[in-house]
Amino acid sequence: MLIGDIRIENNVFLAPMAGITDMAFRLLCKEKGCGLLYTEMVSAKGMHFNDRKSKFLTNTDKAEMPVALQIFGCDPTIMADIARKLDKTDVSIIDINMGCPTQKITKNGEGAALMKNPKLVADIVKNVSNATSKPVTVKIRKGWNDSINAVEIAKIAEDSGAKAVAVHGRTREQFYSGDADWGIISDIKNAISIPVIGNGDIIKPEDAEKMIDETGCDAVMIGRGAQGNPWIFSRTVEYLKSGK
């Protein structure tokens, strides 16, 4: 499949997970057949001010390509500046985090808190897209709370230049509890024309097939199901291809 002009070998992706998807883990998942890897989320502001830890998180290896580097922030100017700098690196895709539910991120208006501010979402995606030649994608949630607005945000992202949208079928209030709502993934797939990546509750190959069948999503993104189990990628790719 294609995201922008980036060709991806298969449609089984590794979700970005803070403290987990470091380079060592990404390389292991790549070895086991993962189609697209995502880095841990990196603070755009930290990169802007040359924070050593933030810079370390941006390290990638040619062996893991294609790789999406996920940034988070709420200042369109700073995020565009980082996109310009990343344009000169080997990173394949720039992903914008609009789904992190943790308090230390959302209290600053970043991560999932961006879903409460559609105008700011448009400004960020537009500025980042205009600052780089690399495909820009976004990762969102179902909504902040019971006010579900994922379809609205996905449309804004597409109109502002995003080349794909990943959606986790839980609200910010849910964090990682309860069941993911795959119906919202289907709603978004029916509302936009760019690729839609489904995320939430994929812990075995059969789950991936079920999500694709039920939602029509173009790719699946595996997060917690890959922890301690990188083989889930080779098993899922084979199952989607052959049924075995």
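Select Thr 137 in this predicted model and display its surroundings: leaving aside residues up to four places away in sequence, Thr 137 touches Ile 3, Tyr 38, Ile 93, Ile 94, Asp 95, Ile 96 and Ala 164. Thr 137 belongs to strand β8, residues 136-143. Its relative accessibility is 1%, so Thr 137 counts as buried, the cut-off being under 20%.

Next, select residues 76-86, helix α4, together with residues 118-131, helix α6. The axes of α4 and α6 come within 8 Å and cross at roughly 25°. Angles under 35 degrees count as roughly parallel, and α4 and α6 are therefore roughly parallel to each other. Their crossing is right-handed.

Show the side chains at this contact. From α4, pick Pro 76, Met 79, Ala 80, Ala 83 and Arg 84; these meet Leu 120, Asp 123, Ile 124, Asn 127, Val 128 and Ala 131 of α6. Sorted by class, the contact of α4 with α6 comprises eight nonpolar residues, one polar and two charged.

Move on to helix α9, residues 205-215, and colour Pro 205, Asp 207, Ala 208, Met 211 and Thr 215, which are buried. Turn the view to look down the axis of α9: its buried residues fall within an arc of 160°, so they line one face of the helix.

Definitions and conventions
Residues are numbered from 1 along each chain as its sequence is written. This is a predicted model: local features need pLDDT of at least 70, side-chain atom pairs count only at pLDDT 80 or more; totals for chains, interfaces and linings use all residues. Side-chain values use heavy atoms; hydrogens and water are left out. Axes are lines fitted to C-alpha atoms, for helices over the stretch in contact, and angles run from 0 to 180 degrees between N-to-C directions. Helices (H or I, at least four residues) and strands (E, at least two) are DSSP runs, numbered from the N terminus. Angles under 35 degrees count as roughly parallel, over 145 as roughly antiparallel, 65 to 115 as roughly perpendicular and the rest as oblique. A crossing is left-handed if the near helix is turned anticlockwise from the far one by less than a right angle, and right-handed if clockwise. Contact means heavy atoms within 4.5 Å. Ala, Val, Leu, Ile, Met, Phe, Trp, Tyr, Cys and Pro count as nonpolar, Asp, Glu, Lys and Arg as charged, and the others, Gly among them, as polar. Buried means under 20% relative accessible area, exposed over 50%, partly exposed in between (1.4 Å probe, protein chains only). The arc is that of the directions from the helix axis to the C-beta atoms.
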